[in-house]
Amino acid sequence: MKNILLNIVISFACLTAILSLMSAGCDNEESNTGYHYVNIPGFEEADYIPMLNSSNEEIQYNAVCYFAGHNYYDHYLMTDSLRKTGSYDTALLLYQKIYPMMNSKNSWVSSAAVLFISKFQYNRPAFVNFALTNTNPSKNVQLEIIAGLLEDSAKDSRLLQQKVSFLKQQPSWLLQNGVYQLIGEYDSVSSEPLIREYKEMKDDYKKILVLDVLCNHMTDKVFSFVANEWASTKNERIKKMISSNIVFGHNHRQVLNWYAAHWPVLEQNMEEMIEMASENKTRNISSELIVMALSRGWKPSSVLQIKGVNENEYDGQPRLFITLKLHQPYRDSSSDKYSPALISIENALLQNPSLKNEWQAFEKRFTKYPLPSELISQQKKLTATYLQQTAMLLQQYKIDTSLANNFMQGINYQLNALTGSRISRKEKE
């Protein structure tokens, strides 16, 4: 009798659980939105616009998804020469119609509208303010807001903190952990609460999410914390993550000292250092670390250019040499690409007898069009005159600024390509 009664109780409990799951699954407001839409044969842009006014929210949703999938409208609104054109007017109309839909009570419509508006740079501050202050509990809406804010790194710290607090209070695992994705690139992030959270966490995935944020905000205090974590953790995934990100410490002296004390880690990450050096950015510490590695006997031939699908002239050559070769305008102090950082790497190579021979042999082999400095100087003067006169013509004929900038960039690219052809060391001296 007891067994029969027990079975009835268990069956009832299971039925209750199943019914609750079924009822949750039947609620379309909570179903995941994939932004699929019915593409109506023969319908074009003008045919979908009236659908935005439909009282049927699924028809509204379908239209918004259509426009989100064809979203070149921001280009129309941000292009000077398109003002007072039909394209501009249509883009503005769609923006104005879909913007208020972000507040729709239907989470599908709301999240689709957020997807559409988040792609615009036009009136961007208004969207960012909306996104940070929005408290719609829908997972669809908030996940789309998080994705839409990823490109905005400098934001109101007070509103950002409010958003973080709101998301962390939600029962959704996705929203609670989406917080770390949201704040990862933000300038105004307080590291102390994150460090406290990290120390209390037991799940490795959460620790990694927090570490990812901390590595983007590596002040002296954060640097000391992650360095200590690297030394004490037994988790190899966390250890590797820290060792590959510690280069982003704000205090370069701290970073240099750490790598000097952990030389094997620097050797293991030399490919990443060369990749960073190829970006040729100001205050890029990778060049200093490469010089350190060279001084300790590291061989550039240990990191080679891997052969690609299509045969490349540089395949099988040292990646470091290729980086220097592709950025040779760094030698010309009048070039936009002048880089003391890359010069310091080349000087380190030239100060080492064996590496000097390797580098110069590589340079000689892959320098095909040496040009006299007089020719380059003369070409620069002619190009400067040409650009000045071209700028006057572009202004006179009111050519769209984006097209004009692209044209100018193309000319400057050709100029840099010519300037980048090797100038012999004797000519420079």
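Q: Is Glu275 buried, partly exposed or exposed?
A: The model is a predicted one. Glu275 has a relative accessibility of 42%. Buried would need under 20% and exposed over 50%, so at 42% Glu275 counts as partly exposed.

Q: Which residue meets the side chain of Glu275 in a salt bridge?
A: The criterion is a side-chain nitrogen of Lys or Arg within 4 Å of a carboxyl oxygen of Asp or Glu. For Glu275 the N to O distance is 3.3 Å. Glu275 is in helix H17 and its partner is in helix H19, 44 residues apart. The partner is Arg319.

Q: Is Arg319 buried or exposed, given its relative accessible area?
A: Glu271, a salt-bridge partner of Arg319, is partly exposed at 38% relative accessibility. Arg319 has a relative accessible area of 16%. The cut-off for buried is under 20%, so Arg319 is buried.

Q: How many salt bridges does a search of the whole structure find?
A: The pairs found include Lys221 with Glu192, whose closest N and O atoms are 3.3 Å apart. This pair links helix H13 (residues 220-232) and helix H11 (residues 191-200), 29 residues apart. Glu192 is partly exposed, with a relative accessible area of 42%. For the whole structure, the search finds four.

Q: What is the nearest side chain of opposite charge to Lys163, and how far away is it?
A: Lys163 lies in helix H9 (residues 157-168) and is buried. A salt bridge would need a nitrogen to oxygen distance within 4 Å, and Lys163 has no salt bridge. The nearest side chain of opposite charge is Glu144, at 12 Å.

Q: Which backbone oxygen atoms lie 2.8 Å from the side chain of Lys163?
A: Residues that Lys163 touches, leaving aside those up to four places away in sequence, include Gln142, Ile145 and Leu182. Ala131, Leu132 and Asn134 are also among them. The side chain of Lys163 reaches a backbone oxygen at 2.8 Å in Ala131, and a polar atom of that side chain lies 2.8 Å from the backbone oxygen of Asn134.

Q: What accessible area do the residues of the nonpolar surface patch have together?
A: The patch is formed by Leu143, Trp173, Leu174 and Tyr205. Tyr205 is in helix H12 (residues 204-214) and is partly exposed, with a relative accessible area of 34%. Patch residues need over 30%, and together the four have about 370 Å².

Q: What distance separates the C-alpha atoms of Thr401 and Ser81?
A: Thr401 is in helix H23 (residues 401-419) and is partly exposed, at 42% relative accessible area. Along the chain, Thr401 and Ser81 are 320 residues apart. Their C-alpha atoms are separated by 7.8 Å.

Conventions. Residues numbered from 1 in each chain as written. Predicted model: local features only at pLDDT ≥ 70, side-chain atom pairs only at ≥ 80, totals over all residues. Heavy atoms only, no water. Helix = DSSP H or I, 4+ residues; strand = E, 2+ residues; numbered from the N terminus. Buried < 20%, exposed > 50% of the residue type's maximum accessible area, 1.4 Å probe, protein only. Lys, Arg positive; Asp, Glu negative; His and termini not counted. Polar contact = N/O pair within 3.5 Å; in protein donor to acceptor, adjacent residues only side chain to side chain. Contact = heavy atoms within 4.5 Å. Patch = residues over 30% accessible without salt bridge, like charges linked within 9 Å, V, L, I, M, F, W, Y side chains within 5 Å. Areas by Shrake-Rupley, 256 points an atom, 1.4 Å probe, with all protein chains shown as cover.
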